[in-house]
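Work through the exercises below with the sequence and the 3D structure open. Try each task before reading its solution.

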Amino acid sequence: METISIIDAPNFVNQKVKIGVWLTDKRSSGKIAFLQLRDGTAFFQGVVLKNAVDESTFDVAKHLRQESSFWITGEIHEDTRSKFGYEIQVASIEVIGESEEYPITPKDHGIDFLLDHRHLWLRSSRPHAILTIRNEVIRATYEFFNREGFTKIDAPILTGNAPEGTTDLFHTEYFDHDAYLSQSGQLYEEAGAMAFDKVFSFGPTFRAEKSKTRRHLIEFWMIEPEMAFMHQEDSLAVQEQYVAFLVQNVIDHCASSLATLDRDPELLRKYTKTPYPRISYDQAIDMLQKAGMDVKWGDDFGSPEETYLADQFEQPVFILNYPKAIKPFYMKPHPTREDIVICADLLAPEGYGEIIGGSERATDYNYLLEQIKLAGLDPKDYEWYLDLRRYGSVPHSGFGLGLERFLTWVTGEDHVRETIPFPRLLNRIYP
Ligand code: 4AD
Ligand code: MG
């Protein structure tokens, strides 16, 4: 008899197998017990028939508590009524670990209760489905960038620079120096691009944002590609191909997770069509004003503005060339207009907001030095970064995709906190 995982059950129909499982729920009557089982790979049902097992086995089945763990043996059968399509007709049960009264019951719980129990909540089917999709997106990310000839260059987490502004930095001591937790690996990726042409990083980034919104995490994971000899248009092409590739892989490889989440793959399929539409910031302001929204040129967009703009399109939409005053110091100035920079944000459909921020990078040493000073940063901390403009400066572009923002959209979740195993939120660092 083979020991298998639930996910492999389709290959063992009408065969006797052994599986290590936990109990998620059960129902029983005098003659039959239905055990809802999970083993980490999938969820399915075990059927215990009183007249097919010995008395003690049926008794154990009836008294198992939620989340107790056990070895189960039995025969795999097709079960066309269940989503999974297979079940096990139980022959024997060998308890491994008893469970105390489990706090997360099949009834509804409030979000704070669930977040307090995130270490256990991970076992439930929705978090399991979301994090399965997260894993697929990470896998597909490596596939995409390896296929396209990118080298992964890891950026440090402890750093002395602040690419995304000084207001939301996590400060720490680094022996005798000041240090921050990285807001973005970008500046290091730019160094990497000058050494390896096309590079990317994937790692945790930190923003001490005091805003409590559905879109903000304190700790989130970002994928940051950076490409030498590339202008904005080439970078936008990479971005849309990358996003479409991720969505396609989720559709192809995560069908059962999407079904668990009631997320329609046919809706997602629309997002695999490229190119994505592009509008300028100026056009966006125009559209918003015509719709009667209270914005003026120079404002940054909040959630209502981003949602309105995204709603005007079927696919994700690029907003190009924002005002210089509301963007970071490193962006390339526009060749003919002083007030805008060469950059783009990609807005997801359905009100999920910005999933990518990116730009072409400033290449001129003197311009960049000036911008660093204007941003109130100490040029001494950026000497190494300025070196990239002193020794063979070339046009280059890059972007950052927020993994959890992307996942919130693709999974159709309400809140970004659902898409990371252990969310760090304003006022939450437990568990
Ligand atoms: O737009 P941002 O701040 O851009 C950068 O950090 C650039 N240095 C990236 C680059 O060009 N290499 O952040 C990029 C993306 C956003 O579009 C969003 O998806 C995500 O990171 N993001 C957050 N996700 C969750 N919580 C937060 N607090 C986030 N802040 C940004
Ligand atoms: Mg941004």
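The model is predicted, so local features need pLDDT of at least 70 and side-chain atom pairs count only at pLDDT 80 or more, while totals for chains, interfaces and linings use all residues. Residues are numbered from 1 along each chain as its sequence is written, and chains are lettered from A and ligands numbered from 1 in the order in which they are written.

**Exercise 1.** State the domains of the protein chain and the separation of their centres.

Step 1: The assignment gives domain 1 (2-97) and domain 2 (118-419); such bounds come from an automatic or database domain assignment.
Step 2: Taken over C-alpha atoms, the two centres are 45 Å apart.

**Exercise 2.** Describe the residues around ligand 1.

Step 1: The shell holds 23 residues, with Ser184, Gln186, Gly357, Gly400 and Gly402 closest; a residue is near if its C-beta atom, placed from the backbone, lies within 6 Å.
Step 2: At least two residues each come from β12 (219-228), β16 (353-360), β17 (396-402) and α13 (403-411). Helices (H or I, at least four residues) and strands (E, at least two) are DSSP runs, numbered from the N terminus.
Step 3: β16 gives the most, five residues.

**Exercise 3.** How do helix α4 and helix α6 cross?

Step 1: The axes, lines fitted to C-alpha atoms over the stretch in contact, come within 9 Å for α4 (residues 125-147) and α6 (residues 232-253).
Step 2: They cross at roughly 130°, on a scale from 0 to 180 degrees between N-to-C directions.
Step 3: Angles under 35 degrees count as roughly parallel, over 145 as roughly antiparallel, 65 to 115 as roughly perpendicular and the rest as oblique. Therefore α4 and α6 are oblique to each other.
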